[in-house]
Amino acid sequence: MKNRRFLLVFSLLLAIGMILGACGSSEGGSNESEGSGSDGGNGNSEEASEGDFSVAMVTDVGGIDDKSFNQSAWEGLQAFGEENGMEKGQGIDYAQSASDADYNTNLNRLVRSDYNLIFGIGFLLAPAIEEVADQNPETNFSIVDSVVEKDNVASIVFKEHQGSFLVGVAAAMKTESDQVGFIGGVDSDLINKFEAGFRAGVKSVNPDIEVKVQYAGAFDAPDDGKAIASNMYSQGVDVIYHASGGTGNGVFAQAKDLKQNDPDRNVWVIGVDRDQHEEGQIGDMNVTLTSMVKRVDIAVQDISTKAMNGEFPGGEVVEYGLEDDAISVATSNEEAMTDEIKTAVEDWKQKIVDGDVEVPSTQDEAKSFEDSL
Amino acid sequence: MFSNRLVNILIPIVSVFLGLLVGAFIMLGFGYNPLLGYLSLWNGAFGDSYFFGETLRQVTPYILSGLAVAFAFRTGLFNIGVEGQVIVGWLASVWVGLAIDAPMIIHLPLAVLAAALAGAAWGFLPGLLKAKLGVHEVIVTIMMNYIALYTSNALVRNVISDGKDRTERVPETASLTSEWLASLTQYSRLHFGLLIALFAAAVMWFLLNKTARGYELRAVGFNQDASRYAGMNVGRNIILSMVISGAFAGLAGAMEGIGTFGYQSVKGGFTNIGFDGIAVALLGGNAAIGVVLAAFLFGTLKIGALNMPTGAGVPTELVDIVIAMIIFFVASSYMIRWFLLKIKKEGK
């Protein structure tokens, strides 16, 4: 009796093993024919060293499908791969981080797989990049949104103040109450840059427009965003520019609530980082006036191309702005962005690119800019 | 042929096996190759000395947070606050590391001790409320987690650094890292904290099983009324249990603070070390040796998982499913127990 039971369990296990084994080998076969060629963890190393150039990136905890800069960066790498006949696992790849502790592990794994250039996406990876770049002087690294001073690291930063200036122009032309608002995430140098540019843009069109500024203190507090937006709108503000990540979702929610209750009311939100047109959609209406778009993909693609051609800007801080199209103003809301506004935005853009206007990037600079008007 | 003890040991093993099996079927269902998937997981955790070092590094805080949950549980308390205690321990170790200037022989133990004390203090409060006022520790500890997270964020930004996102690195004298371990494992972040974690496991085993105080703690866990009737001070034992549990959790924070990272940054969310500790303790059967083994498994899965997308195209989230399934099978151990006992009965 006892033996029969065991035989049953044993044969069951054996059967499962067979099924798994069979499936495994057939899939393995198709894998090889597709030539994705990643057989286990260390398989990549051979293929990467065979090829001329390979590039990979490490996401922050947002993950590859965050609809924000991680995703945008990967799109940049994919575009780079398409140009050069590479695909995921062959020449380009990414590693996702589930926690802060994973940054070093992921960077090191990619170093071990002999990638020539490795991107760290987001300022959170700065300490990890610093450490790993020190240990691996042969590999090139690049960090987005932060500065790491090492000979084998290229730091990518954006001129967010320029884009903020232009959406400020759009806000100034759209407002009817002559009051606009700015909601920042955390009061820091980075977000101050957005504020300074925006204020300068608004005042350049009409110095009498009042700009209300408030910081929520967090990038992930939609409740606070909604409360601040509610306060601003009730004081007569009709356009709010947010530079506050997830907190901004609350701003959109409040604007949509107001629009729903009173479709004729003039309420607008200006999005940030990517085109936030979808967030503003409510029925047939849309409260998203425009967005300050930051094209991480263009920067990633550009640095990759430079590195491939042997012109890797190691040790430098590479700034991307309007002239590279890495900062732009979205025009998805065709109804709200009238031709008049679009033309004005284009004019100012030209002035900035030509150097006729120096956009302030700190609060102090913004003050002296306003005084000079 | 199966003693009760053997069944208790078999349940987690069978659960792990079933969890991996379900994971394999899910991979099959989504068109991935499970063998390749698990192979790349293995390579990601043990592929070479670097990855093995990283795995051990990940195991270290898991052992301590697992011990923290297990210790409280043995006294009948459910310490959900390990997460918060980890964070205050992290903060305390880094703060002491930065604020004090002393030779290593004083500085390092001081930083570790500060972490344990901070965690203990964070555990003391819920213990006190439970013992004196009967406030349920689950509610209090959950709320204490948020207090720990946001308070430490504010302190890092405004007090320890000037408006920056992270503190300076702690000096060598307060750091658990070692050149020797790093060079042994090709620059992994393996540090001496592993020894502290293993020592803590031994302490827990000795305390609970070999001392009168430990006997009291366990008795309170089994039956509070009976313990009170036997003349034990139930309230004091509850507080003591939470304090020791918090101290273990604080040490787990020190492992990250002065071991893995060497600094504290402003956190956007929880570290999950404390929450994973609940799973580790559950799988480890709330025993010291079990927790060490379970922590080893979890560390392996977590670090190995990072290699699955590159190695086999399998998303890392799959490992979270596998872990969830393992916990599910452990939690529903009645099924497995029933099955094993049936084999046993038929066998006779």
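Hi everyone, let's start with chain B: residues 138-156 are 100% helix and 0% strand, with the end C-alpha atoms 27 Å apart. Helices here are DSSP runs of H or I with at least four residues, strands are runs of E with at least two, and both are numbered from the N terminus. This is a predicted model, where local features need pLDDT of at least 70, side-chain atom pairs count only at pLDDT 80 or more, and totals for chains, interfaces and linings use all residues. Residues are numbered from 1 along each chain as its sequence is written, while chains are lettered from A and ligands numbered from 1 in the order in which they are written.

The unreviewed UniProt entry annotates 138-156 of chain B as "transmembrane region", along with other stretches including 7-32. UniProt annotations may be inferred rather than shown by experiment, and their positions are given in the numbering used here, with feature names shortened. Residues 7-32 of chain B come out as 88% helix and 0% strand, and their end C-alpha atoms are 34 Å apart.

Now to chain A. The domain assignment, which is automatic or from a database, gives domain 1 (48-158) and domain 2 (160-294 + 338-372). Their centres, taken over C-alpha atoms, are 32 Å apart. Each side gives 4 residues to the contact, where contact means C-beta atoms, placed from the backbone, within 7 Å.

Let's look at strand S1 of chain A, residues 55-58. What covers its faces? Both are covered, with A:Val55 and A:Met57 buried on one side and A:Ala56 and A:Val58 buried on the other. Buried means 20 or more other C-beta atoms within 10 Å of the residue's own, again placed from the backbone. S1(A) runs parallel to S3(A), residues 91-95, over 4 bridges, and A:Met57 stands opposite A:Tyr94 there. S1(A) also runs parallel to S4(A), residues 117-120, through 4 bridges, and in that strand A:Met57 is partnered by A:Phe119. Strands count as paired when DSSP finds at least two bridges between them.

Last stop: an open, mixed sheet of 6 strands in chain A, in the order S8-S7-S9-S10-S13-S15. S8 (210-215) and S15 (327-329) of chain A each have a single partner strand, so one side of each is left without a neighbour in the sheet. The twist averages 15° from one strand to the next; axes are lines fitted to C-alpha atoms, for helices over the stretch in contact, with angles from 0 to 180 degrees between N-to-C directions. Within this sheet, S7(A) and S9(A) run parallel, joined by 5 bridges, with A:Gly184 opposite A:Ala243. Helix H8 of chain A, residues 222-234, packs on the sheet and touches S7, S8 and S9, its direction making about 165° with that of S7(A). Thanks, everyone!

Definitions and conventions
Contact = placed C-beta atoms within 7 Å. Buried ≥ 20, exposed ≤ 12 C-beta atoms within 10 Å, placed from the backbone.
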